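Please look over the sequence and the model shown below before reading on. The report that follows it is meant to be read with both in view.

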Amino acid sequence: MNSKSNLLIILVLQAFFFACKTTDKAIQTEAPVPANFRNAEVLSDDSTSIAFIPWRDFFNDVTLQTLIDTAIAHNMDLQLAIKNIDAAQATLKQAKAGYIPNVNLQVGANSTNPSNNSLNGVSLNQFLKTNHIEDYNATLALSWEADIWGKIKNQKAEALASYLQTEEAKKAVQTQIVSYVAQGYYNLLMLQEQLKIARQNLALNDSTLNIIKQQYDVGEITLLGLEQAEAQRLAAASLIPDFEQQINIQENALSILSGKLPEGIATQSTLDDIRIPEKINTGVPSLLLSRRPDVKQAELAVMAARANQRYARASMYPSLTISAQAGVNSFKASNWFNIPASVFGTVAGGIAQPILQRRQLKTNYELAAINHEKSVIQFRQSVITAVGEVSDALIALNKLQEKQSIALNRTNKLQSAIHNADLLFNTGMANYLEVITAQSNVLQSELELAQIKKAQLVAMVELYRSLGGGW
């Protein structure tokens, strides 16, 4: 064996050694999951979480169910998510085809007319008695790369993880849509309740104003008292168009969320008809890893990044390619398919190790490793965020219950006070200012009570979503 052959073998062995030297770093991907949610009253087992309740059973209002059904069927964001799934599925099919050899069919014909004064021209005239040469061929070529280092395998794993990510993204969009529709619907019921309260208060102001006008006519009340009563009545009246405007805007928002043009929404329930369960089970926090679509999506992103890192590492290793060609070839068209005389075939195998591209390939590997580490951090953050959202919803439900109890007691006392103020005013034992103040206080208290009830319903919906319910 000569010195050139020895040098070539040494270079190949060195390239193979340096290519195989790079290995994956061990990265811990465990998520920081607590034993129980903060603000949870008791530790629930993993089979009692409300996240397992289908949204149709969790929301039993018929109108709300229809709105959610329509939104799931026609919401534009959800339709885009479905298209992303179709695109990812096509990519996955392509990745699965990586193990299949590449096969190409080529058919060609050419005619060459060399110069008569050239060596080729003289040779043709001398030996073939012609001044041109024809060549006809049909070739079937096959090329296949042996997946020694798992390059194709990791491409397939990355494509699969990306496809599953789009599936989880669709679920995440659906949970958001269910949540947004429910929250918008409860806000609509609150606005309708507040409009009802405002109209009742306006009727009460009209009644009071009529009495004050009668007292003014007989000289028992000054013009100042009459003007203050009229101003109070106008203040109450101004709330009605404001609530009507907000109701129309909320109806439009729900229609657009459902993929429809803005239209009115006929509700059958009132805010008081919606009941909040006395006890809501959350299950154990570890359920978030399997129930929350966004957490699962982040976990799949780690898997995709890990597969991409391994693919980048495998790209630095030598590749073994096997190729073969077979077909027919002839200098005359009449002999083109003269079998077996015109048949030819070749088989070859080769090992290619990138050398001058190693810096680029190593950079690709380093970037893939960094992206893998970033995906792990994002996964952990998604778990922390999910646990925090559940805890926020739990404390909101707890404190809003306390706030509702206080506001309800206050409203009852103010309603009693306004009744007493009317009686005293009619008997001359209370002045008009006391009546106006009582009416204003009870209006604000009743409006606040409706807001608290809506906030409770929104917190319940948010808890359901944050636990992974709705898909």
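The sections below treat the overall model, the helix packing and then selected residues.

## Basis and confidence

This is a predicted model, in which local features need a pLDDT of at least 70 and side-chain atom pairs count only at pLDDT 80 or more, while totals for chains, interfaces and linings use all residues. Residues are numbered from 1 along each chain as its sequence is written, and side-chain values use heavy atoms, with hydrogens and water left out.

The pLDDT, the predictor's confidence in each residue on a scale from 0 to 100, averages 80 over the protein chain, and 85% of the residues score at least 70. Over residues 3–22 the pLDDT is below 50, and this stretch has 20 contacts in the model beyond near neighbours in sequence; contact means heavy atoms within 4.5 Å.

## Overall composition

The secondary structure of the protein chain comes to eleven helices and four strands, where helices (H or I, at least four residues) and strands (E, at least two) are DSSP runs numbered from the N terminus. Of the 471 residues of the chain, 38% count as buried, a term that means under 20% relative accessible area, with exposed being over 50% and partly exposed in between (1.4 Å probe, protein chains only). Among contacts between residues at least 6 apart in sequence, 83% join residues at least 24 apart.

Two packed helices are described by the angle between their axes and the distance between the axes. Axes are lines fitted to C-alpha atoms, for helices over the stretch in contact, and angles run from 0 to 180 degrees between N-to-C directions.

The axes of helix H6 (residues 151–217) and helix H9 (residues 293–314) come within 8 Å and cross at roughly 165°, which makes H6 roughly antiparallel to H9; angles under 35 degrees count as roughly parallel, over 145 as roughly antiparallel, 65 to 115 as roughly perpendicular and the rest as oblique. The residues of the contact of H6 with H9 divide into 13 nonpolar, seven polar and seven charged, with Ala, Val, Leu, Ile, Met, Phe, Trp, Tyr, Cys and Pro counted as nonpolar, Asp, Glu, Lys and Arg as charged, and the others, Gly among them, as polar.

H6 also packs with helix H7 (residues 223–257), at an angle of about 160° and with the axes 8 Å apart, so that H6 and H7 are roughly antiparallel to each other. H6 passes H7 in a left-handed crossing, and the contact of H6 with H7 has 23 nonpolar, ten polar and seven charged residues.

## Packing of H3 against H6

Helix H3 and H6 pack at an angle of about 145°, with their axes 10 Å apart, and the crossing of H3 and H6 is right-handed. The H3 side of the contact consists of Thr63, Leu64, Leu67, Ile68, Ala71 and Ile72, and the H6 side of Gln174, Ile177, Val178, Val181, Ala182, Tyr185 and Tyr186. By class, the residues of the contact of H3 with H6 divide into eleven nonpolar, two polar and no charged.

Thr63, found in H3, counts as buried at 10% relative accessibility; not counting residues up to four places away in sequence, Thr63 touches Tyr185, Ile265, Ala266, Thr267 and Gln268. Thr70 is found in H3 (residues 62–74) and counts as buried at 18% relative accessibility; with residues up to four places away again not counted, Thr70 touches Asn75, Ser258 and Lys260.

## Selected residues of H6

Ile177, which lies in H6, is buried, with a relative accessible area of 4%. Leaving aside neighbours within four places in sequence, Ile177 is in contact with Ala71, Asn75, Leu78 and Leu257, and the C-alpha atoms of Ile177 and Gly470, 293 residues apart along the chain, are separated by 8.7 Å.

Leu191 in H6 is buried, with a relative accessible area of 2%, and touches Phe243, Gln246, Ile247 and Gln250, not counting residues up to four places away in sequence. Leu191 and Gln246 are 55 residues apart in sequence and 7.2 Å apart in space, C-alpha to C-alpha. Glu193, also found in H6, counts as buried at 15% relative accessibility, and, leaving aside neighbours within four places in sequence, Glu193 is in contact with Leu271, Asp272 and Ala450.

Terms used
A crossing is left-handed if the near helix is turned anticlockwise from the far one by less than a right angle, and right-handed if clockwise.
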